[in-house]
Amino acid sequence: MSSTTPDVVPESAPASPQQAAPDAQGGVVLAPDTGHREPAAPLAAPANAVAAMPAADTGADALAAPVVATTVPVTPASKRVRAPSRERTIGTKVAGQPAFVLHSYPYKETSLIIDLFTRDFGRVALIAKGAKRPHSQLRGVLQTFQPLSSSWVGKSELRTLTDAEWVGGMLPLEKTALLCGFYLNELLVKLLARDDAHPALFDHYVSTLNQLAHNEPATIVLRKFERALLRETGVAADLGRCTSTRAPVQADVTYVVDPERGPRPERASDPWPRVAGKTLLDMEREDYQDAATQSQSKQLMRFLVAHHLNGAPLNTRQILVDLSQL
C-alpha cells in the first residue's frame, strides 16, 4: 500500500464484503428512511480486486441517457429545487435512468435490496427480485462502479427494479482506487437523503471514478469530491470569507473552520484543526498542488465530514488505516 492510503481514513469498525458478488453480506430489511444522515448498513471492499469490465470505449457520455417517466415529467437540472422529491417518483414508472449501485444486501432467499445513485432522482431504494438466482440476468450487472441504465416502478419508498443494463465506457477500479471508490459510496449512503436529486453531484461522482481509474492522486481527487458533496447537501461554508468580520480570508492568517458557520481567526482555546488562510483559498479554487494545502485540507475535511455524520463511523476509512499498518 502506498504512503497515501491513510489519506481517506480515520477510526471506525470493520466492514462487510460487497463488491465481488451481488449476494454480499449486509443488513436484512430496509428501514424507513428518515432523511439526512440515517445510519446505513456497513459498506466494504472485497478481499480481491474487481474483475475487469469489458473495455467498450463508449465514453462517459453514454451515461446521459434520457429519462422516461410515464406519470411525472422530469424538471431540467437548472430549474430543479433541492427539496426531497419523493412525490415525483413514487407511483411512477422510470426507464433508462443513468445510475450506479452504491450498496446492496440480501432480501429473502433470492432477492436483493439495492441503494442506487441516479442522476435525476438521487438515491433510491429498489428491490431486485430474483437477482440472487444463478441464471438471473441481474446477477452480474448489479455491481458497484459499473455505469447502468436502470428502470423501476413502484408506489412506495421501496420500489421494484424492472431492468438494469450495463452501459460501459469506464475503466474498472483496482487496488487503492477501489477502496477509495467504496469510501465515496459510503459517504453518499450516509450523507444523502433518499429521493433528493443531485445531478451535478452525480456527474462529479462519474468524473471522480474516472480520475481514480486513471490513477490521478487520491489525495486531490477525494478532497474535491468531499467538498462537492458538502456543497450539494447544503452544509459547505464559503472558505474564502471570514465569518466574524465578513472580510476576505487572508493567506498569512491562521484560521479554524466552524462546521456550521465557516472560517474565523484561531483562538488559543479552539479544539478544531488550524489551517492557513492560503489553504482555505486554495480549496476554494480547487488548487491542491501545494503540499501544505494537501495535508491541512485532509485534516480539515476529515473533521468536517465527521461533524456532519454526527459521529457515525466510516468503515472504509478504518480498512485503509488497517492496511497501511500491515
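Modeller: One definition before we start: two strands pair if DSSP finds at least two bridges between them. Also, keep in mind that this is a predicted model.

Colleague: Okay, how many residues does the hairpin from E3 to E4 go through?

Modeller: Strand E3 covers residues 111-118, and seven bridges join E3 to E4 in an antiparallel arrangement. At one of the facing positions, threonine 118 stands opposite glycine 122 in E4. The number of residues in the hairpin that joins E3 to E4 is three.

Colleague: Which residue of E6 stands opposite isoleucine 127?

Modeller: E4 also pairs with strand E6, residues 158-166, this time in the parallel sense and over three bridges. Opposite isoleucine 127, E6 places threonine 160.

Colleague: How many of the residues of E4 are buried?

Modeller: Buried here means under 20% relative accessible area. Strand E4, residues 122-128, is mostly covered, and its buried residues number seven of seven.

Colleague: Let's turn to the helices. How far apart are the end C-alpha atoms of H2?

Modeller: H2 runs over residues 175-191, which makes 17 residues. At 1.5 Å a residue they should span 24 Å, and the model agrees with that, because the end C-alpha atoms are apart by 25 Å.

Colleague: Why can H2 be called largely enclosed by the rest of the structure?

Modeller: Here the burial count settles things. H2 is largely enclosed because, of its 17 residues, the number buried is 16.

Colleague: Which residue reaches with a side-chain oxygen to the backbone nitrogen of alanine 292?

Modeller: Look at the start of H6, the helix of residues 291-308 that reaches 26 Å from its first C-alpha to its last. The side-chain oxygen comes to within 2.8 Å of that nitrogen, and the residue it belongs to is aspartate 290.

Colleague: Which elements give two or more residues to the lining of the largest cavity?

Modeller: By class, that lining has eight nonpolar, one polar and two charged residues. The elements giving two or more are helix H4 (218-232), strand E7 (254-258) and H6.

Terms used. Residues numbered from 1 in each chain as written. Predicted model: local features only at pLDDT ≥ 70, side-chain atom pairs only at ≥ 80, totals over all residues. Heavy atoms only, no water. Helix = DSSP H or I, 4+ residues; strand = E, 2+ residues; numbered from the N terminus. Expected span 1.5 Å × (residues − 1). Buried < 20%, exposed > 50% of the residue type's maximum accessible area, 1.4 Å probe, protein only. Polar contact = N/O pair within 3.5 Å; in protein donor to acceptor, adjacent residues only side chain to side chain. Nonpolar A, V, L, I, M, F, W, Y, C, P; charged D, E, K, R; others polar.
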